[in-house]
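Dear colleague,

I am passing on the structure we spoke about, and below it you will find my notes on how its parts meet. Please read them with the model open beside you.

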Amino acid sequence: MLDIKDDFPLLANYNEQGTLIYVDNAATTQKPRCVLDALMEWHTVRNANPHRGSYKLGSLATDLYEHSRESIANHINAKKDEVVFCRNTTEALNLVAASFGPTVLEAGDEIVLPVSEHHSNLVPWMQLAQAKGCRLVYLLTDKLGRISKDELDKKITPRTKIVALAEVSNVLGTRFPVKQIAERAHEAGAYVVADCAQSFLHYGLDVQDLDVDFAAFSAHKAFGPDGIGVLWGREALLEKMPPVLYGGEMVQKVTWGKATFEKPPLRFEAGTQNASDAFAFMAAVGYLEQIGQQAIREHEDALTARLLEGIRDIAPLHVYGNPCMADDRSSIVAFNFEGQDPLLIGRFLDSHGINIRVGTHCAEPLMTYLGTGATCRISLAPYNTLDDIDALIDVLRDAPRMIVRSVLKKRK
Ligand code: PMP
């Protein structure tokens, strides 16, 4: 099992003062010391505006920014210029919808997406569909959070132009077979956009192997800083896409009446780039490579199996998605206690130093489909330990009884 908690100052600091079991990693992860050091290094000895300064510090900033892009490209098996830096997954997906979408969609076309999509990979397509007179077609999941072959055959048709889906659902925890779905979509003549926000850290990303047309992810969900993410796109597609933001350093030439634009990726990076976070993201990727994807997978699988096993006999607890460990089961576990307000469960866990997420998880259509207003969600990261899981199970076991007791006490 991995033992890396001490690399994360926030976790170490909190654990000195009491207990912190941070299991809201699908929202954001904590940062290892090497990432914090990289941020400090940038601002203390590296900082200048990349792609602008002709002095030494400026050229070095450009080199480091482009070197960061190259490291991330290598990490995902992509070409350097296919990596567009964005603010996060949300901005990356909006960029595809706003720039690529209108170039391929016509009235009557269909955009296919799972009912479990995060709003970031749903609302941009919804807006585009409305603007172009297209239809959204939802892939429905079964009780185990999976999408059947029949459902794919029924919904992906020659009318489908875009299939947009998360590799891992941020609620159901299912890892969808994106490669197979992409193959099916490509046969139908559609393009595939993968939201890798919840898979990048946990499963890695090899864009050649996944064989999609676009992929998006955020650094902050993978030990990197917030404020930076990536849109990866096939070179030939990026080259045809118009920019959506205009300004400094994305232009080739500007006259009094006309502008021509840089090639990708700079065409999509108007204004001062987020070079410090790109530099720190490179440090995060280096750290991940040092740990190794296989070790991350084995560690998280062991934690998830222990968690699912431990909560299986807590009678009023209902898990959404697959309640058992499986190859397509990630380390995100959403649940509710029958008849209990999830907010009270979240507060109760917080009072024991356990941080989970409670709410709709930016997946409101899925909440409607599941017939619930909100859920609790545990999401693990490689720094979580078996001790964390055991403590979590113990507190969950007590939660309903203790909450009822405290409500009754308040009523007296
Ligand atoms: N997609 C999925 C599946 C997510 O879980 C999230 C974050 N919760 C996002 C997209 C958006 O990520 P960000 O907020 O970093 O843009």
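Buried area here is the accessible area, taken with a 1.4 Å probe, that two parts lose on being put together, summed over both. Please keep in mind that this is a predicted model, in which local features need pLDDT of at least 70 and side-chain atom pairs count only at pLDDT 80 or more, while totals for chains, interfaces and linings use all residues. Residues are numbered from 1 along each chain as its sequence is written, and side-chain values use heavy atoms, with hydrogens and water left out.

The domain assignment, which is automatic or taken from a database, gives domain 1 as 5-29 + 292-411 and domain 2 as 35-289. To their contact (heavy atoms within 4.5 Å) domain 1 brings 36 residues and domain 2 brings 34 residues. About 2900 Å² is buried between the two domains, and carbon and sulfur atoms give 54% of that area.

There is one salt bridge between domain 1 and domain 2 (a side-chain nitrogen of Lys or Arg within 4 Å of a carboxyl oxygen of Asp or Glu). Separately, I note that Asp328 forms a salt bridge with Arg146, where the closest N and O atoms lie 2.7 Å apart.

On the side of domain 1 that touches domain 2, the elements giving two or more residues are α12 (293-311), β12 (332-337) and α14 (364-370), these being DSSP runs numbered from the N terminus, with helices (H or I) of at least four residues and strands (E) of at least two. Of these, α14 gives the most, with six residues.

Best wishes
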